[in-house]
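Here are a few friendly notes to read alongside the model. Keep the 3D view open and look for each spot as you go.

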Amino acid sequence: MHTTHYTLIFIKTQNHVLLGYKKRGFGQQKWNGFGGKLEENETISEGAIRELFEESNLVVEKQHLHYMGVVTYDDDVHRRIVYIFSASQVEGDLKESDEMRPQWFEFENIPYHNMWPDSQFWLPLVLNDHHLQARFTYNDYKIYKYNVEQLDVIPDLIHVEA
Ligand SMILES: Nc1nc2c([nH]c(=O)n2[C@H]2C[C@H](O)[C@@H](COP(=O)(O)OP(=O)(O)OP(=O)(O)O)O2)c(=O)[nH]1
């Protein structure tokens, strides 16, 4: 099976989260965190920082990046491994990009109906600062089976990259 690695970051305050409306490409017309494919010459954290900047113009420093866990998506031919981050301290001016239109949402008003259908099962954990590990199998754009686990310990990435 072909495997691709992605990053996905959620910028948050105590009760608001920044999402982007994807204007083109994969997942278009959906709200999601900021992220994309990992490039060959970068670490996972570097990829998360780069994608956030490219899509929102915000800058997050590595020490303010929290690695929250991993979500794996399988379909018939493809495995996508998505490394999930959160951050509360960012710099720079938020800007719309060619790819994403950013908007802040209250935790109470997250547009789950207009996001990837798996988000509702694990994004609440991230917003509440819980670490997680999840796996979804998609069939014809619908969730066929899934498992979401809250982790009590910080998962491994930080140690690998330290
Ligand atoms: N919630 C959720 N997020 C997903 C799913 N699949 C998936 O790729 N993502 C995330 C991971 C990435 O952050 C983002 C997709 O990245 P992308 O295709 O825009 O990557 P990219 O910016 O490198 O793309 P490109 O330049 O090659 O067009 O969406 C999913 O099923 N659910």
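1. Start at threonine 7: one of its polar backbone atoms is 2.7 Å from an oxygen atom of the ligand. Please keep in mind as you look that this is a predicted model.

2. Tyrosine 73 places a polar side-chain atom 3.1 Å from a ligand nitrogen atom. In glutamate 99, a side-chain N or O atom is 3.3 Å from an oxygen atom of the ligand. How much of the ligand does the protein bury? Taken alone, the ligand exposes 660 Å², and the protein buries 80% of that.

3. The ligand takes up the space of the largest pocket. Around the ligand there are 19 residues, and those that come nearest are Thr7, Lys22, Lys37, Tyr73 and Asp118.

4. What kinds of residues make up this shell? Seven are nonpolar, five are polar and seven are charged. At least two residues of the shell come from each of these elements: strand 1 (2-12), strand 4 (34-37), helix 1 (44-56) and helix 2 (119-127).

5. The whole structure holds eleven aromatic pairs. One of them joins phenylalanine 10 and tryptophan 122 edge-to-face, with 5.9 Å from centre to centre and 75 degrees between the planes. This pair links distant parts of the chain, since phenylalanine 10 belongs to strand 1 and tryptophan 122 to helix 2, 112 residues apart. Strand 1 and helix 2 are also among the elements that supply the ligand's shell.

Conventions:
Residues numbered from 1 in each chain as written. Predicted model: local features only at pLDDT ≥ 70, side-chain atom pairs only at ≥ 80, totals over all residues. Heavy atoms only, no water. Near = heavy atom within 4 Å. Polar contact = N/O pair within 3.5 Å; in protein donor to acceptor, adjacent residues only side chain to side chain. Areas by Shrake-Rupley, 256 points an atom, 1.4 Å probe, with all protein chains shown as cover. 1 Å grid on protein atoms, 1.4 Å probe; cavity = no way out; pocket = protein on both sides within 12 Å on 5 of 7 lines; lining within 4 Å. Sits in = over half its atoms within 2 Å of the grid points. Helix = DSSP H or I, 4+ residues; strand = E, 2+ residues; numbered from the N terminus. Nonpolar A, V, L, I, M, F, W, Y, C, P; charged D, E, K, R; others polar. Phe/Tyr/Trp six-rings, centres within 6.5 Å; stacked < 30°, edge-to-face > 60°.
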